[in-house]
Amino acid sequence: MINFAVGGASDRPWGMPMKTLYLMRHAKSSWKDPRLKDHQRPLNKRGKRAVADMGARFKARGLRPDLLLSSDARRALDTARAICRALDMPPSEIQAEPGLYLATPERILSIVHGLDDRWQQVMLFGHNPGFTAFANLFYPHPIANLPTAGVVELVFDIRHWQKIDRQRLVDSRFDFPKNKP
């Protein structure tokens with residue numbers, strides 16, 4: 001995992017409010033059936049292996065998001081379901097968010113701004129190019145491409161989702177299946 005701490009945990013006063021946003025691009029999808037519409041494409045074998053690997057990494061870190069929002073495209077929902085299985089969470093925890101399907105960075109920001117402040121850790125499942133462009137609004141080092149099943153973790157020193165901005169970023173990580181820890 002690539003970890004770029006913007007401000008170390010020891011620099012933060014105890015009890016300071018934090019919000020964590022995870023952006024996960026859907027795993028590799030299948031193009032096997034040309035009759036399927038883009039929205040209906042499932043994960044392929046490589047994608048299923050990759051998301052299982054990423055789920056195991058999350059579980060090893062003790063990750064347990066409060067809210068999982070997914071594009072309503074099958075490949076994104078399949079990715080979210082696989083993460084739920086890895087984290088021993090019921091798939092009923094996933095909320096389909098049609099606005100995440102091929103969303104622009106502006107649309108993603110609007111969705112994040114609309115999150116209920118009771119959620120501390122939120123995981124979004126979606127697509128490129130929007131997820132890469134959105135991550136680059138905050139991540140301290142340019143990401144050329146968020147790979148399939150890749151994740152960007154952004155931790156903000158905020159109480160309200162409406163307040164996210166680059167200056168409030170206190171920690172960040174970037175991980176993807178081919179990045180072997």
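Contact here means heavy atoms within 4.5 Å. With that cut-off in hand, take arginine 75. The model is predicted, and the residue numbers run from 1 along the chain. Arginine 75 touches His26, Ser29, Asp38, His39, Arg41, Leu43, Tyr101 and His127, not counting residues up to four places away in sequence. Arginine 75 belongs to helix H2. Is arginine 75 buried or exposed? Its relative accessible area is 3%. Buried means under 20%, so arginine 75 is buried. One of its contacts deserves a second look. A polar atom of the arginine 75 side chain sits 2.6 Å from the backbone oxygen of aspartate 38. Aspartate 38 is also among the residues that arginine 75 touches.

Now follow H2 to its partner. Two packed helices are described by the angle between their axes and the distance between the axes. Helix H1 spans residues 45-61, and helix H2 spans residues 74-86. Their axes come within 8 Å. They cross at roughly 40°. H1 and H2 are therefore oblique to each other. The crossing of H1 past H2 is right-handed. Which residues meet there? From H1 come Val51, Met54, Gly55, Ala56, Phe58 and Lys59. From H2 come Thr79, Ala82, Ile83 and Ala86. By class, the residues of this contact divide into 7 nonpolar, 2 polar and 1 charged.

Start with methionine 54, placed in helix H1. Its relative accessible area is 0%, so methionine 54 is buried. Setting aside neighbours within four places in sequence, methionine 54 is in contact with Met24, Ile83, Ala149, Val151, Asp175, Phe176 and Pro177. Glycine 150 is 96 residues away from methionine 54 in sequence. In space, the two C-alpha atoms are 8.1 Å apart.

Lysine 59 also lies in helix H1. Where does lysine 59 stand on accessibility? Its relative accessibility is 45%, so lysine 59 counts as partly exposed. Methionine 54, by contrast, is buried. Leaving aside neighbours within four places in sequence, lysine 59 is in contact with Ala86, Leu87 and Asp88. Leucine 87 is 28 residues from lysine 59 along the chain. The C-alpha atoms of this pair are separated by 5.6 Å.

Next comes another helix pair. Helix H3 covers residues 105-113, and helix H4 covers residues 130-138. Their axes come within 8 Å and cross at roughly 65°. That makes H3 roughly perpendicular to H4. H3 passes H4 in a right-handed crossing. On the H3 side, the contact uses Pro105, Ile108, Leu109 and Val112. On the H4 side, it uses Gly130, Phe131, Ala133, Phe134, Leu137 and Phe138. What kinds of residue make up the contact of H3 with H4? The residues divide into 9 nonpolar, 1 polar and no charged.

Finish with a strand. Strand S7 runs over residues 169-175, and leucine 169 is found in it. Leucine 169 has 5% relative accessibility, so leucine 169 counts as buried. Leucine 154 is 15 residues away in sequence. Between leucine 169 and leucine 154, the C-alpha to C-alpha distance is 6.9 Å.

Technical notes: Predicted model: local features only at pLDDT ≥ 70, side-chain atom pairs only at ≥ 80, totals over all residues. Heavy atoms only, no water. Axes fitted to C-alpha atoms, helices over the stretch in contact; angles between N-to-C directions. Helix = DSSP H or I, 4+ residues; strand = E, 2+ residues; numbered from the N terminus. Parallel < 35°, antiparallel > 145°, perpendicular 65-115°, else oblique. Left-handed = near helix turned anticlockwise from the far one by under 90°. Nonpolar A, V, L, I, M, F, W, Y, C, P; charged D, E, K, R; others polar. Buried < 20%, exposed > 50% of the residue type's maximum accessible area, 1.4 Å probe, protein only. Polar contact = N/O pair within 3.5 Å; in protein donor to acceptor, adjacent residues only side chain to side chain.
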